[in-house]
Every structure is written in C-alpha cells, then in structure tokens.
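Subject: Structure handover

Hi,

Here is the structure for you to look through.

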Amino acid sequence: MDLKSFWNDARYRYGIIGISVLLCTLIAFLIRMIPMAGLAGTGDMTAGPDAWYNLRLIEVALANTFGYIFFEPMTLYPTGQDIVWGPLFTYIASFFAVIAGAASRTEVITAVSWAPAILGTLMVPVMFFLGKKLGDWKTGIISALFIAVIGGQYLSRSLYGHLDHHIAETFFSCLFCLCYVLALYALSDKKIDLNDRSTWKLPLIYGGVCGIAYYLGLLTMTTMVVFGLFVSVFTLIQFVVNQYSGKPSEYLLGLNVITFMIAALGLLLYGIRDLSFGFVNYSLGLFLVHLFIVFGTIILYLISRTITKLEKPWYYYLLTLVLLLAAGSLLLAVVLPDLFGSLMGNLAGFFTNNATAATVQEMSSWSFASAVSAYNWGILLAAGGFVCLLWNIWKRQTPAALFVLIWSLFMFFATCAHVRWEYYFAANVALLAAIFVGWAISFAEKDLALLLGKRTGTKNPAEVSDKKQTEKTKSKNKTLPPSEKPDPIKLAVCIIVLIIAGVFAGSSSVYAVELSSASAYGGTSEDWIGACEWLAENTPDTGVDYLTIYDGSSFTYPSESYGVLSWWDYGHYITTIGKRIPNSNPFQAGVVGEYGVAAVLTSTNESAIAEKLDYLGTKYVMTDYLMANGIFGAMAIWNDTVLQTAPYYYTFLQKGTDGTYSYVSAGTPAFFNTLTVRLQNFDGSMTNSGSVYVVITDSSAGYGAPVVASTKAYAEADEAWAAAENYNANAAGGKHAYVISAPTDLTNYNLPSVDVPALQHFRLVYESPTYVVGGYITGANEGGTAYVKTFEYVPGAVIKGNGIIEVDVVTNNGRTFTYRQESVNGEFIVPYATSGSSYDVKTTGLYTIVGTGQTFAVSEDAVQKGLIIN
C-alpha cells in the first residue's frame, strides 16, 4: 500500500490524527505536572493568596457534603462578604480530593492541585476541534500543539498547584466557543422553517449543547457574560450580512434563543443572589442581560423579516437597527438607569484601566514586553491568522469565522487594558497562529508535493505499467511543464511560516518547562505561613467556626470576634492559614474609604488610626517588608488616587556619569511617620533621625521632576533642616532644598530624616525568622527588620511623668530592642506589660524614665484595660 492509499484509509488517517492529538495532550499534561515533584506533600501551592482561599472553599465543601459558601464571615471584618463566583471549580477540585481519599490539609492540597493541570490539559482537544473546524486536520493539530506549550498567564494558571478558577474560566469559555462554532457550521446552510417542526431538531440540539456549555462557564465565574457580549455583537453583524446577501437568519434565531434561555433558566435555578444590576455577582442584572440577548435576537429577526417582506434594500435594515439601538439605549437609560449604568460601566471597565486597578498585577495594562514574553513569535503568526479570517469572511461570508474574529478582537483589546485576560487570550493566539500556519501549508501544498517528487495527477503505482529502465531515464531528463514545477514564492512563504512556527513552538516549550520547574518551589512566603500559623495557635478564638456555612441574612458576629488588619494581599492567608478574620482581602474589599486599610496603613496620626481600628474592630495588625518598601506606593495610590505617592516620596532626576538622567526617590517626613513604616521599620518605638543629606534641586529646565544640582551630608538632622530652611528662604526661581535620609547600611536601617514619635497602642507580639535589609537577608541581631511582624492593638497602661521612658524587649527570635516613648501632656501610654504577658515577645525589665531612675512595673491587665499605674 502506497502513502496515498494508506492516508485515504480512514482507519489509518484517523489513527494518525488521533495519536498526534494524544501526543499534544500528553505534552501539555507532562509540562503542567512538573511542579508536583517539588510541591506534593509540602502543603504549599503556586497561586499565592487566591489558592489559599480556593482551598478554604474546598475544605468547607468537603466538610459539608459539597456545601458552598455564599456568605463569608471569615473575611472583611466586621461585615463579612458575599462570594460572587460560582461553585463549579470548587466542586471539580473537591472531586479530586474525594477520589484520593485525602484527609489532612496537606493531603487535600496534594490532591486538588491536580485540577488546574487537568483542565489545562483538556484544552488541547478543545483547541484541536476548533482549529480543525476553522481550517483542516493540520490546523487542528497545530492548534493543539500551540495551546499545549504556549506560555504567559495561561501557562502559569494551568500548572499543578495553581489552585485557582482562572483555568476553569478559560476552559469552559473555549468549550462554549467550540460548541457555538460547530453550531454555526452545522446550521448556517440548513433550511430552518419555523412552521415545520421537523427542521427544529438541529437548532434544538446545538442550542442545548451551547446553552449547557455557556451555563457551565457561568457557574465558574460571572465573567462568562462577556461571551454573551461577543455573541451579541456577532449576531448583530451577521444579521446585517445575511440581509445584504439575502441569506436566511433562522439559524441565529434558534441558536441564540435556546442557548441563552438555558442560561437564564439556569441562573433562576441557581438562584438570583443579588437584586442589583451589577454583573460581578449572580444578580438580577446578570439574569436580565441574558433575557435581553434572547429578545434582542428575536427583534433582529422580526425586523429582518419585515424588511424582506416589504422588499426594501438591505440598508433599510441597517438604518432601522441604528435607530432602534439608539432608541433602546435611551429607553433603558430612562426606565432602568441602574442597569444601563452598570452595562456602560462594565463595558468601559472591560476596555479601560484606572490608577488603583493598575496597582493590582492581574488588572494592570498589558505591555508590549509582556506580550512578547508570553507569546514571542506567536504574535506574528496570530496576526497572520487574523488576516486569514478576514479574507475568509470577505470571500466566503463564513459566520463561524466572523464569530472567532470578534471573539479574538475583543479579547485582544481587553488584554491590552487588563493583563488578567491574557490567560483567556492565549486560546485566541494559539488558534489564530494555527490558522495561519495551516493556510501556509495549504497555500503551498501542491508545490511541496512537487518538491518532494510527486507530480500532480500521478496514478497509483499499482495502475502504472512497467517502464523500461531507458524510458525512466529519459523521463527524468525531460523538462517539466510549468504546471508541474513548484512555485518558489509559495514554497518560500510556507517554509518561512513553518520556521517561525517551529521557533514559536520550540521556544514556548523551553519556557514552559522552565516556568513549571521554577513553580515547584511554591508560591507562598514561608514567613507568612509561619506568621499565620502563629495566629491560629496563639491568638484568641473569634467565635466563628472555620468549617461552618453561615446564612448571611441572619448572621451576626459574636462578642469575642475581632479583625486582623494588613494589606489586602494577605487577607486570604489570614483567613485560611491563620483561621482569623481579616479587615480586607484580595477581592480588594475593605481597602478604600475612610476606614479602608489603605487609609489606616498610610495614616500618620495615631489618634485617627485608633479611631479607625476601633470602628473596624481590629485587634492585630500585621506588616511585612514589602509593605514598607515595594508595595507602599500601591497603598498610597489606593488611599488617594489624586495625590497618589506625592505625600510620601520626593522624586528627583539625577545625572549619571554617562550624562543621562534617571529617576531617584526618597522618603518624605510623612513616609517615616506612617503606621506601616513605624511598625515595620521601627517596632513602634520612638526613633531619632540619623545622618541626612540636604539636596539642592533645579526645576527651571522644565523636566518632569526637579534635577539634583548638589548634595551635602549632615551628621545632625536639626542642622540640615535649618540649612534647608535658610536656603529656601532666599532660593532663586526653580531652586529648592530638601532634607532626605542618608543611604542605609546593615547597622543603620532606614533611619528617618525626622524624629519619629513612638506608637502608644501597638506592641510587637510575633516576628518571622527571616530578617531583611535593603533586600538582603540578615540575622536577628544583625540589623534589618523581620520579614513579617504581628502587633497587638491595645489600650495601653498610663504612667504619669515627663521625659522619655524606655524598656528593653526581647522578641520570639531572641532579637533585642529598646522601646522608647516621649511623654505627652505629662503622661506615657505604654503597650508592653512587664509581667503576665502570654506572648513570647517580652520585656526584660521594668520601664525606666531616662535620667531619673524612676521605674514602673506594668501588668498585663493594666495594658489591656488602660489602667493608670501609680
């Protein structure tokens, strides 16, 4: 049997295609399971805070016969919070734990960590069928290969241990798109008569399958509604195209009505959990939007039929739709202004960004560097695939191609606005790239065959009579006619595209293996794990049971409950590992506003801080190295989107030795006085300024920031401030003097440019074992600050007196420091007890007023009740 006969035999052809897809699936699975070697049995995951909250949902589901938390009292103290995404990923992951018979937390983590890897692997056959339908079997295999190895956010979110629902969102949305594409191919050429029930069978089947796939996506995350938007835009355009070309649109009517009625009914079955018109929750607005898609499709069809019956030109239809859309929007804005506002707001948010969102990694804008890092040559191939789709739509008016084009275009713009959509967009890149490569192969297919010695029209060797050797020789020497010569241009195009595709697949594979291998080290700071485990074991119980499902409509917090305040990034650690209730969380809840954690952590006034903490019911405050350094700017932006970091940082331009300017920054006095810095860097103790610089700047050049003209070091800050004040009093136009702290070293950690007063109501109760200074790890008594610190907020004992009082403190790590405080209005309010404390951080003696020798013993009861010490 020759190669052609072999390939024409369906058994062998399908076998080879099937093996190829199976091979791509195996590659995807093996890449995604690489982290298991380092993570299994460690009790850690790769997704950071979100993974820990998903673990909580799974633990609650397993403890309550697959019950699901709709109201969460273990976060956002003192109100609690509704959970706004669906239970499907939780149930899928829980299934793995049940199958494995997991009992302990570590066993559960090891088992459920399979879920994202399996969902990522299942994307391979989905992408194969999408590629095959939009191209051919070659396009399908290439699409399967590309999605198996493609990198970026998509890869990281589909690795073993990345316990988050993001890959489930991608999988179920692509599954819906596959079903919708298959439906369009199956129905667009079929005659469907609304009066003939025998023609309803296919629309009912395909609509039902699409509706179920879409509903599964909704049960994963309400963001699935954006695919309803894609369908709506496609339907509108396709109706116009059909009206122009005279093609029927009954298939769109049947497909959309059935698909989105299933979605709407499914939402009713699941339960409308919010009567608002937002789309983040399973709300009334979400339900109504799907009904609008149904009714909108019906209206589009009725108008089309009317225009056709009236025998009006196609552009009457377009004009009618424009007027109807304008009138409908106006009517919606008047009758249901909240729904209209929500629609417009969510649509704007889909394509635009803002200052606070930009500080969140997954909500920040997609940069060109990020795109190249994620997809490299795949971007170029995808652009080619986009052109191929345009050509297909122009020449053949293929509805499925138009839908994929709209899907890809919307996803591209969404990803540019918010990098979180990158894990969705990976499917579009893989598919478009495969379409282009498949086109290139088909474009030069005959020429490749000729190049390989196969002439067009060659008969089966079994049917060719034997030739004499001399005739064969003569045949070889004959000049081939032009029709049987390979086209060098077509060959060049194909070979170039194949080389780029090979580089894309190869480099993506290398990157995928490297990222997977790096992920084997886990994604959670051991210091944060230790700090939260300490919370669980050493702080009072909140009275809220970790595994109980509470009804939000009747729940009230018990009197012994309290909150733990930290930056929102760490809220899920506090909930799941610490089993305590954070005041904010990675849902970005509890962050902004007068009592938001951003306002608390960047505040410089302890009285105002105390008022906020009392309102929030906060008992403990946790800080870490990043909060006082790398992410402080984000905290400032969340607190004030107008001033942003301006109150806390000076920003200058400094000329380098090569003559170019670069930005440098320094902390303002306000920065050193914020709650975060005073706790994390100074242990809440009074800290005197150290050596400082006076920096003279010049703004007259008109650059974006003042240019450093000169600097002068001062050993005493008071002298420096006096010098700066004198200079500014007589400074020439554009000139200004600033006082900034001198560069730090291991023994002089981040000394402020001003004297910083002590905090009266905060005492250190735990610090993690890792110490850091300037990004370098040090020892407990070698300078620097512990990576994570936990402070208790207390009333404080009152000691009458004047001057400076101090007490030596030894931490749980054996680090020693002196807590110092200057009197205010003839008294000290001190947070540490000299006896009776249950914490491992303790004082080593009595309080002493400096210079007088007067000492005071302070009991734990006095600290907790604000008693006066006599």
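How many aromatic pairs does the structure hold? The count is 58. Rings of Phe, Tyr and Trp (its six-membered ring) pair if their centres lie within 6.5 Å; planes under 30 degrees apart count as stacked, over 60 as edge-to-face and the rest as tilted.

Before the details, some ground rules. This is a predicted model, where local features need pLDDT of at least 70 and side-chain atom pairs count only at pLDDT 80 or more, while totals for chains, interfaces and linings use all residues. Residues are numbered from 1 along each chain as its sequence is written, and side-chain values use heavy atoms, with hydrogens and water left out.

**Rings**

Take Tyr-649 and Phe-671. Their ring centres are 5.4 Å apart and their planes lie at 35°, so the pair is tilted. Tyr-649 is in strand S5 (residues 649–655) and Phe-671 in helix H30 (residues 669–673), 22 residues apart. Helices (H or I, at least four residues) and strands (E, at least two) are DSSP runs, numbered from the N terminus.

Phe-671 also pairs with Phe-672, edge-to-face, at 5.2 Å centre to centre and 75° between the planes. Both Phe-671 and Phe-672 are buried. Tyr-649 is partly exposed, at 21% relative accessible area. Buried means under 20% relative accessible area, exposed over 50%, and partly exposed in between (1.4 Å probe, protein chains only).

Ring pairs also link a cluster: Phe-176, Tyr-180, Tyr-214, Phe-234, Phe-260, Phe-403 and Trp-407.

**Helix H10**

H10 covers residues 166–187. Its 22 residues should span 32 Å at 1.5 Å a residue, and its end C-alpha atoms are 32 Å apart, which agrees. The expected span is 1.5 Å times one less than the number of residues. Of the 22 residues, 19 are buried, so H10 is largely enclosed by the rest of the structure.

**Cavity**

The structure holds 1 cavity of 30 Å³ or more. On a 1 Å grid over the protein atoms alone, a cavity is a set of points where a 1.4 Å probe fits but cannot get out; lining residues have an atom within 4 Å of a point. The largest cavity has a volume of about 40 Å³, the space filled by probe spheres set on the points, which are joined across faces, edges and corners. Its lining residues include Phe-172, Thr-220 and Tyr-424. H10 gives the largest share of the lining, 4 residues.

Best wishes

Key
1 Å grid on protein atoms, 1.4 Å probe; cavity = no way out; pocket = protein on both sides within 12 Å on 5 of 7 lines; lining within 4 Å.
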